[in-house]
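Look through the sequence and the model before reading on. The report then goes from the whole chain to a few of its parts.

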Amino acid sequence: MTKPFYNHISFLILCATFTISLCASNDPYAILGLNKIANAQEIRKAYKQLAKEWHPDKIQRDGDSEKFVQIKLAYELLSDTDRRRVFDQHGVTDEDSHYLEKKYDYTGYNRFSLDQNDDPFGNRFIIDRNIVLYHKLSVTSNYFEKTILPNSEKKAQVVMFYSDWCFKCSRLVGAFEKIRDLLEPLGISFATVNAAHEKSTFRKTGASEVPQLVLILDNQFFLYRDHTLTPQKFVEFIRKKLPFKIIHRVANDNINDFLGGWMDNRVRALIFEPRSLIRLRYLLTAFEFYDRVAFGFVNMNSTRVSNIIARLKVNTSLDTILLFNEDSRSYTASICMPDIPIRTLIDVVSTNQFLVLPRLSSQAMLESVCPTEWNRPRKRLCVILITDKNKKNDFARVAFRDIALNSRYSTTRVRFAYMFKESQTEFVQAISKGSMEGLLKIVIIWRRDANLIKYEWVCGAYQNTNIVPESLINSTKIEIFDTVKRLLKSSEALNYEAFVQKLINEHSQGTLTKWISRFLYLVDYLFDNIEEETLLAAFSLLGTIGLMFAIGYTLIYFVRAEEENLKAQGHITESRDHHNNNLIPELKLYELRAEKYNGMVRLLKPGCRTLLLITDFQSRTKLIPYFHKAVWPYRKSKTLLFGHMAIEKGLPWFAEIIRLSLCTNRNLQVNPRNCVGTVLALNGHRKYFCMYHAKHPESVRGAKRILKITNVLLDTMEDPEVGTFLEKYNSEESEAEANILLEDNLLNSLDDWLVRLFDGRTQKYYINYWPDFSTK
């Protein structure tokens, strides 16, 4: 390669690096260090922290002012709901990007500007001009897959499918807008999809026609099929589709079990309402924080909750939310208002969504409690107690929780948690370097990224001690705080480093639970999609089938009663014997004729054979019963076909297959009387046959002796077996020879030959083709 070529490559790499850096600098989420599902509180918090760090008054370095401007512009974009939605859909960050919201606004074409009096069709086809609302909220399939579906795991998503020339869609604009204005403040996201442009998304939801309103919860689609669309009906529809056990009913008898069940690693929240029906905002909040907070509902109008109200001193005229950690005796946060705003509710729950000492039971929990931070001055430490999953270590967890409560560090820099080493064996093994045997393991980690962590071990309490001295707890506490204080310094580094895998989700459903959930979802889907008329028709069909079975069972009952009566009278024996005889499997013998020749020989399937008995008109009545008896044990085989042939009809065909098997061009004169009693096993697919005859010279010695005897038969006239099949002169002397078997003895050795046939020890005579069977 030449030097200019190297320069060209370097220039391309430099351009690519510059392009990537430019794209990253224009991404407001990357500038603020957030993900695309961050809420307003997280955006504001990240902006304040970065603004303090990069403010020009505090840091005087080249480029600091540009960095601060980028942070400010990113915050302005993400804090504006409309501009943020435009960026998420189209990736535009300019301040003038609001023009994109008119992308689907077709009102400029004035397609429906006719005066109402000039409309030749009357009032039936007046189009609502507000259909532009559909175009304003319209999203693509890419946005549907990457944003709406992932967000549905935490928040309800409502999508309206429409098309431009759908008159029914235009009539529903007003109702859709009312529902949006009512439910969007509660945290439900609304979007529209043009079914004509995004057909794959339309089919994926199971919709069949427009307009179609679809509710999406945890990647599951629920179609609204009511003929009328009103806010009341749609709110009831959402209530029915939310998970059934998302909120527990709490009363005097189960309050302690509910508040003391924090071992499932969730904070407890009690909702007090002076009504029996839970508000939708509380249901949606419980759905959003289901994996972090367990919600309980207390109906203050009930007589079974008086002890709870007196114990917690709740105002019975206001809505109240109480949040509990591990201590069920006192709550950590509370809200008491006539109408709690959804934003206030979410902020309070999100702030208190973790226990004082949470368990790292999944990767999502690890990400929330111990987030990644690559910057050394802003590093976040997580102090983790690793214990066995048994009651012997409860004392250690209680002591460690007291240490966490007395921590003087902010939760944004230092968090406390614990882990079961039986459940997270891979994580524990990855950081086992430097651990202290014989002690409960306490490790301080700093997550640099998703897989890389730095960590350091500190001393803990002894494992097998049921009573921990106060001095040992104090020494452990001092050791933890001193180590944390030292490691928070930007100049200090942790001693060990490891690459870890994702934590196992301890709350994941088992196989049986998943199948049960899918079955329940299928039942719910069927009830949701089957109309009343279809359901009535199905019940009518099932009722008819059940009636038929009932009538049949009744008839069988009377028949059996009649049989018992006949048996008692002695008439049932003959009838039963006759019935049993009819049940004996039959063995059918087919006569080989020209019309059956192809089916019995030429068109036989591979692996199938036909056993054919050759008789004449005089001996057929004697030989067929013997043949039937010999092949009877093989009647159940599906690869065998049984038949017989009259030699008077099939002599030319029989003579031709003998000639083809001997590979000779000579015309053979076959004595038909000597062929009687011959049995042929014909393999039509592979074109060969095996032969049985009482005087046939075949033996177990093999093919050499067969060929030798065959040549002797053809070349000499002195052999005593000449004329058995082949003869040069058909005379009465040949028929009157003394060495002739009687017809009753022709099939005596057939049983032994059949055994050798199925063992593969009989001689196979191959031919090139199957000759025609004469129709005369």
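## The protein as a whole

The model is predicted. The protein has 29 helices and 20 strands. Of its 776 residues, 40% count as buried.

Contacts in the chain can also be sorted by distance along the sequence. Taking the contacts between residues at least 6 apart in sequence, 72% join residues at least 24 apart.

## Helix α9 and its buried face

Helix α9 covers residues 173–183, and its buried residues are V173, A175, F176, I179, R180 and L183. Seen down the axis of α9, these residues fall within an arc of 165°, so they line one face of the helix.

## Helix α9 against helix α11

Two packed helices are described by the angle between their axes and the distance between the axes. For α9 and helix α11 (residues 231–241), the axes come within 10 Å and cross at roughly 55°. The two helices are therefore oblique to each other, and the crossing is right-handed.

On the α9 side, the residues that meet α11 are K178, I179, L182 and L183. Their partners in α11 are P231, F234, V235 and I238. Among these α9 residues, I179 and L183 also belong to the buried set of the helix.

## Helix α24 against helix α29

A second pair is formed by helix α24 (residues 620–631) and helix α29 (residues 750–759). Their axes are 10 Å apart, and the helices pack at an angle of about 40°. An angle under 35 degrees would count as roughly parallel; α24 and α29 are therefore oblique to each other.

The crossing of α24 and α29 is right-handed. The contact is made by F627, A630 and V631 of α24, together with L750, D751 and L754 of α29.

## R281

Is R281 buried or exposed? R281 lies in helix α13, which covers residues 280–288. The relative accessibility of R281 is 16%. Buried means under 20%, so R281 counts as buried.

The side chain of R281 has a polar atom 2.5 Å from the backbone oxygen of I340. Which residues is R281 in contact with, leaving aside its neighbours within four places in sequence? They are L186, D339, I340, P341, I342 and L345.

Key. Residues are numbered from 1 along each chain as its sequence is written. This is a predicted model: local features need pLDDT of at least 70, side-chain atom pairs count only at pLDDT 80 or more; totals for chains, interfaces and linings use all residues. Side-chain values use heavy atoms; hydrogens and water are left out. Helices (H or I, at least four residues) and strands (E, at least two) are DSSP runs, numbered from the N terminus. Buried means under 20% relative accessible area, exposed over 50%, partly exposed in between (1.4 Å probe, protein chains only). A polar contact is a pair of N or O atoms within 3.5 Å; within protein, one must be able to donate a hydrogen and the other to accept it, and residues adjacent in sequence count only if both atoms are side-chain atoms. Contact means heavy atoms within 4.5 Å. The arc is that of the directions from the helix axis to the C-beta atoms. Axes are lines fitted to C-alpha atoms, for helices over the stretch in contact, and angles run from 0 to 180 degrees between N-to-C directions. Angles under 35 degrees count as roughly parallel, over 145 as roughly antiparallel, 65 to 115 as roughly perpendicular and the rest as oblique. A crossing is left-handed if the near helix is turned anticlockwise from the far one by less than a right angle, and right-handed if clockwise.
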